[in-house]
Amino acid sequence: MEPEKPHEPSQDSASLLKRLAGPSSTKAGLTHDQTAINRIIAEASKGSKFYENEKRKDKELSERIAKILKQRDEALQGVDIRPIERNIDHLLEELESQRDLSQIVVHVDMDAFYCSVELLDDPSLQGKPFAVGGGVLSTASYEARKFGVRSGMATFVAKKLCPDLILLKSSFERYSEMSDKVMEIFERYDPTMLVAGCDEGYLNITKYCEEHMVDADTCVQEIRDTVFRETSLTVSAGIAPNKMLAKICSDKNKPNGQYHLPFDCTSIKAFMHDLSIRKVPGVGRVNERLLEALGIKTCGDIFKHRATLQLMDKQFGLVFLLRTYLGVTSNVVQPIQREERKSIGAERTFRALSNKAQILRKLEEVAGELVDDMVRGGWTGKTVTLKYKLDTFQVFTRAKSFDRWVSSKKEDIFAIGKELLLPELPLTLRLIGLRVTKLKDLHAPEPAGGIKRFFEPANSSPRKRPRLASNAEDCNDEEDDAEEDHESMPGFYEEEENAEGRCFDAPEDEEQTHISHDLNPPHHERRTRPPVSAPGPSRTRPSDSPFSETTSKPMSARQGDRVRHQDCPICGKLLETDNKGLNAHIDFCLSRNVIMEAQTDAQSTAKKPKDLVLSWPSSAKGKQKRKR
């Protein structure tokens with residue numbers, strides 16, 4: 001038998017190598033050419049269940065790309081794209097008119113936060129490659145990053161890349177203490193800052209600069225000097241007219257630097273034109289590959305392929321990408337409001353377990369952690385979702401909905417989780433999570449009675465914005481489709497959450513707990529977790545499958561909405577329907593006059609040239625556009 005001939009790496013193998021490198025491959029401090037590093041990572045992980053799972057996902061994504069390219073070719077076949085491009089150009093003009101250069105937004109990001117705190121307590125680590133974590137690294141020092149070591153990487157892989165790597169156990173109480181000190185300093189310059197993690201946040205320093213008669217650069221330098229003087233920690237910062245640009249800029253001069261993007265349209269467009277699409281907050285690894293398949297590698301390429309993006313808006317979210325191309329996004333900086341909370345949950349990663357009693361013990365512990373958060377935060381809900389990850393790294397969810405608010409007793413939540421899990425056993429698991437959705441805020445005042453309550457949507461936000469990117473394909477709950485999201489591409493939040501704890505089996509003595517804590521609680525109540533870089537507002541992705549981008553089995557519990565006799569509060573008609581049907585009927589009653597007005601308007605404008613009408617994509621159609 002002849003030996004197998006060597007062959008050039010296929011595109012699939014190249015994409016797999018990149019996937020195995022993990023979501024942190026764009027971190028500051030890593031070498032620019034990571035080809036050799038990626039091959040070491042691949043060789044070290046070969047034969048593991050993690051490797052096989054990543055290989056399967058890479059294959060699935062390649063097949064998905066092939067389908068999308070086929071859809072693109074079919075959509076473009078015989079189509080004159082010039083009218084489409086003209087319509088998009090009108091849309092670009094409209095988006096450009098929303099540009100606001102009046103606010104000074106700063107993204108502050110601590111440098112290798114966990115490692116920097118460890119360095120305070122042990123100065124002998126200075127200049128040495130070290131990292132914080134157990135089975136999976138939470139943070140790596142800049143010296144370690146030179147070898148390719150980064151957060152989210154398995155310890156034994158990091159050791160392959162850097163044999164002299166020093167490993168330190170996490171000291172969460174210490175990190176929380178230092179985080180509180182840093183955030184207190186930031187709040188001196190913007191009391192309503194947006195906290196985006198234990199080590200980063202957004203500030204609007206416009207008012208501070210005006211009151212103290214200082215320019216933005218001087219103010220940010222003062223912030224960074226104050227942090228260093230009072231904590232001996234360094235922070236990098238980006239100064240720009242909005243949150244997305246500020247976040248991108250904060251990475252430009254890391255570590256311990258700042259970058260000020262000029263506040264004029266020409267400079268911003270030039271800055272975005274050659275920027276890698278992967279550098280944009282809200283574009284993950286999966287969407288990076290999808291966009292590259294269309295020929296979009298930089299933000300400037302978005303304009304070239306705008307017609308294709310319009311025809312495939314559902315998959316890509318045209319308006320988000322057009323905003324990215326222009327550099328026009330939200331400049332609103334304020335804490336996340338309680339009413340924006342969509343879910344509360346806890347999950348635990350552990351060594352692979354097959355024993356039923358041990359698995360149930362882990363489930364009970366997670367139920368206890370969830371109940372503690374529910375009681376402390378003042379939350380209850382109507383849907384409980386179980387998440388579990390197999391030893392093959394496949395993730396599944398199960399959910400059960402109730403027509404009552406669930407109890408905040410540990411034994412009750414545990415019983416629901418047990419009811420969802422037992423039919424799935426026997427299994428070998430390495431992660432269990434529980435989450436409560438369709439929340440009720442127990443701290444909120446009682447809603448007004450009568451017809452008024454029909455006009456007060458649950459969990460409504462005073463900062464609701466038009467939804468600009470459809471994600472029906474990736475979401476597991478109809479409620480997601482009703483939610484707006486113009487700060488990321490479809491599927492981004494699921495991908496980001498799936499990246500946490502993505503790596504190999506935890507060793508025997510290593511266990512990790514992840515808790516969805518309250519939005520912006522007091523500093524002393526914040527639970528520290530590995531630094532997470534959020535694209536703008538750090539929020540929990542609203543979903544009944546909320547934990548990750550999963551291989552999700554059908555949830556029969558969602559089909560249990562009961563049909564009953566209900567009165568329409570508008571027309572008074574007695575209906576035999578479920579809640580969804582009642583809501584649809586109310587919408588119809590409320591919209592009769594609107595429909596008639598729309599028909600009249602349509603008749604009066606029917607004779608206008610079609611290519612002069614500004615046509616918003618389906619994901620933004622019918623939504624009121626507001627200047628952000």
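Helices here are DSSP runs of H or I with at least four residues, numbered from the N terminus. Glu-85 sits in one of them, helix α4. The exercises below concern a predicted model.

**Exercise 1. Is Glu-85 buried or exposed, and which residues does it touch?**

Step 1. Apply the cut-off. Buried means under 20% relative accessible area. Glu-85 has a relative accessible area of 17%, so it counts as buried.

Step 2. List the partners. Leaving out residues up to four places away in sequence, Glu-85 touches Arg-306 and Ala-307.

**Exercise 2. Describe the protein chain as a whole.**

Step 1. Count the elements. The protein chain has 22 helices and 15 strands.

Step 2. Take the burial. Of the 628 residues, 52% are buried.

Step 3. Take the contacts. Among those with a separation of 6 or more, 72% join residues 24 or more positions apart.

**Exercise 3. How many residues of α17 are buried, and what follows the helix?**

Step 1. Count. In α17, 9 of its 9 residues are buried, and the helix is mostly covered. Among them are Phe-320, Arg-323 and Tyr-325.

Step 2. Look past the end. Just after α17, Gly-327 takes a positive phi of about 75°.

**Exercise 4. Work out the 5-stranded open sheet.**

Step 1. Write the order. It is β5-β6-β1-β7-β8, with mixed pairing.

Step 2. Find the edges. β5 and β8 (258-260) each have a single partner strand, so one side of each lacks a neighbour in the sheet.

Step 3. Direction ignored, neighbouring strands are turned by 15° against each other on average.

Step 4. Assign the pairings. β1 is antiparallel to β7 over 6 bridges and antiparallel to β6 over 5 bridges. β7 (residues 235-240) and β8 are parallel over 3 bridges.

Step 5. Asp-109 has Ser-236 in β7 as its bridge partner. Val-108 has Gly-201 in β6. Ile-239 stands opposite His-260 in β8.

Step 6. Check β1 for burial. 6 of its 6 residues are buried, so β1 is largely enclosed by the rest of the structure. Val-105, His-107 and Asp-109 point one way, and Val-106, Val-108 and Met-110 the other way.

**Exercise 5. Work out the 3-stranded open sheet.**

Step 1. Write the order. It is β3-β2-β4, and the pairing is mixed.

Step 2. Find the edges. β3 (137-140) and β4 (166-168) each have a single partner strand, so one side of each has no neighbour in the sheet.

Step 3. Neighbouring strands are turned by 30° on average, direction ignored.

Step 4. β2 (residues 130-133) and β4 run parallel, joined by 3 bridges. Ala-131 stands opposite Leu-167 in β4.

Step 5. α5 (residues 113-121) lies across β2, β3 and β4, at about 110° to β2.

**Exercise 6. Describe how α3 packs against α13.**

Step 1. Take the geometry. The axes come within 10 Å and cross at roughly 35°. The crossing is right-handed.

Step 2. Name the residues. α3 brings Asp-58, Leu-61, Ser-62, Arg-64, Ile-65, Ile-68, Leu-69 and Arg-72. α13 brings Val-286, Arg-289, Leu-290 and Ala-293.

Step 3. Sort them. The contact divides into 7 nonpolar, 1 polar and 4 charged residues.

Notes:
Residues numbered from 1 in each chain as written. Predicted model: local features only at pLDDT ≥ 70, side-chain atom pairs only at ≥ 80, totals over all residues. Heavy atoms only, no water. Pairing = 2+ DSSP bridges. Helix = DSSP H or I, 4+ residues; strand = E, 2+ residues; numbered from the N terminus. Axes fitted to C-alpha atoms, helices over the stretch in contact; angles between N-to-C directions. Left-handed = near helix turned anticlockwise from the far one by under 90°. Contact = heavy atoms within 4.5 Å. Nonpolar A, V, L, I, M, F, W, Y, C, P; charged D, E, K, R; others polar. Buried < 20%, exposed > 50% of the residue type's maximum accessible area, 1.4 Å probe, protein only.
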